[in-house]
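User: I would like to go through this model with you, a few places at a time. Please keep the answers plain.

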Amino acid sequence: MTDTWKSTIGRVAFLNCDPLFHDLSEKWNVLSAPPAWLTGHVLRKDCVLAPIPAADYAKHVNELVLLPDIGIGSQGEVGSVLLFGAVPLDSMKTIALPTDSATSVALLKYLIAQSGRNIEYFTTGPDYDSMLAMADGCLLIGDRALEAAKEFPEMVQLDLGQAWLELFGLPMIFGVFVARKDTPIEVLKEAHKALLSGLEEFEHSDEKREAVIQWAMGRSDLSHERLDQYFGEVFNRLDPHHMEGLHRFLSEACHLPDALEFAW
């Protein structure tokens with residue numbers, strides 16, 4: 001095995017990581033994939049670190065460590081983790097679930113279980129039309145959810161970030177940046193610093209924020225106004241309050257009561 005993985009950073013193939021990855025140094029290779037796929041890439045040493053579904057961290061807690069400061073979360077509406085359907089959730093009997101995320105699926109099942117309702121679930125590829133052809137509702141994440149909400153706003157029945165906030169009064173952390181426990185710490189810190197520096201510039205520079213929005217506009221059909229709003233709904237900076245929300249989700253929905261383990 002070569003050491004190429006040490007200069008490769010995984011990223012979710014959605015817009016929600018753009019503030020971290022915009023104008024990233026050419027020193028780094030970027031491995032772009034759906035959230036659930038990135039878990040395997042980290043475990044196989046295809047990349048030094050990557051954002052993965054928080055639920056997958058719970059499954060592989062003995063092999064992975066968390067990176068501080070960065071992630072993918074929302075304080076209320078997330079805008080890109082949505083349940084669609086022609087009828088309200090209370091009237092749904094079947095829901096189609098996507099194959100590209102673990103956290104959103106675990107969260108939706110948890111929220112529905114709290115209501116004591118029985119739902120039949122189908123797992124399939126993340127395609128709006130085919131999912132709603134087979135079930136009363138469908139769960140979509142990322143850019144697909146944003147695009148579907150733009151085209152069919154009347155079909156949005158639940159924003160899972162908002163539902164979590166209403167239940168616990170806490171932010172919902174959908175994605176966490178992780179690395180294998182045996183990753184050399186100096187390599188890990190260098191990759192983490194590269195992402196964090198991009199985020200800090202995005203947070204403090206109007207010019208950088210505009211550049212990120214323009215970058216996202218070039219890869220989506222969303223308007224400047226919607227993207228500006230979206231980058232306020234979803235965030236990549238994690239603080240202790242966000243960690244409280246993450247720990248609550250991992251313990252409640254993933255049955256992982258242990259303290260979170262960070263690389264440093």
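User: To begin, is D127 buried, partly exposed or exposed?
Analyst: D127 is partly exposed, because its relative accessible area is 40%; buried means under 20%, exposed over 50% and partly exposed in between, with a 1.4 Å probe and protein chains only. This is a predicted model, in which local features need pLDDT of at least 70, side-chain atom pairs count only at pLDDT 80 or more, and totals for chains, interfaces and linings use all residues. Residues are numbered from 1 along each chain as its sequence is written, and side-chain values use heavy atoms, with hydrogens and water left out.

User: Where does D127 lie?
Analyst: D127 lies in the loop between β7 (120-124) and α5 (128-134). Helices (H or I, at least four residues) and strands (E, at least two) are DSSP runs, numbered from the N terminus.

User: Changing topic, where is N236 found?
Analyst: N236 is found in strand β11, residues 234-237. N236 counts as buried because its relative accessibility is 5%.

User: What does the side chain of N236 reach?
Analyst: The side chain of N236 reaches the backbone oxygen of N16 at 3.0 Å. A polar contact is a pair of N or O atoms within 3.5 Å; within protein, one must be able to donate a hydrogen and the other to accept it, and residues adjacent in sequence count only if both atoms are side-chain atoms. Leaving aside neighbours within four places in sequence, residues in contact with N236 (heavy atoms within 4.5 Å) include N16, C17, D69 and L199.

User: And in what order do the strands of the sheet with β11 run?
Analyst: The order is β3-β10-β4-β11, an open sheet of 4 strands with antiparallel pairing; two strands pair if DSSP finds at least two bridges between them. The edge strands, β3 (50-53) and β11, each pair on one side only.

User: How many bridges join β4 and β11?
Analyst: Strand β4 (residues 64-74) pairs with β11 over 3 bridges. S74 has V234 of β11 as its bridge partner.

User: Now α9: which of its residues are buried?
Analyst: K208, V212, I213 and A216 are buried in α9. They are on the same side of α9 because they cover an arc of only 140° around the axis, where the arc is that of the directions from the helix axis to the C-beta atoms.

User: What covers the buried residues of α9?
Analyst: The cover includes α1 (18-21), α8 and α10 (224-233). The face turned away from the buried side carries the exposed residues D206 and E207.
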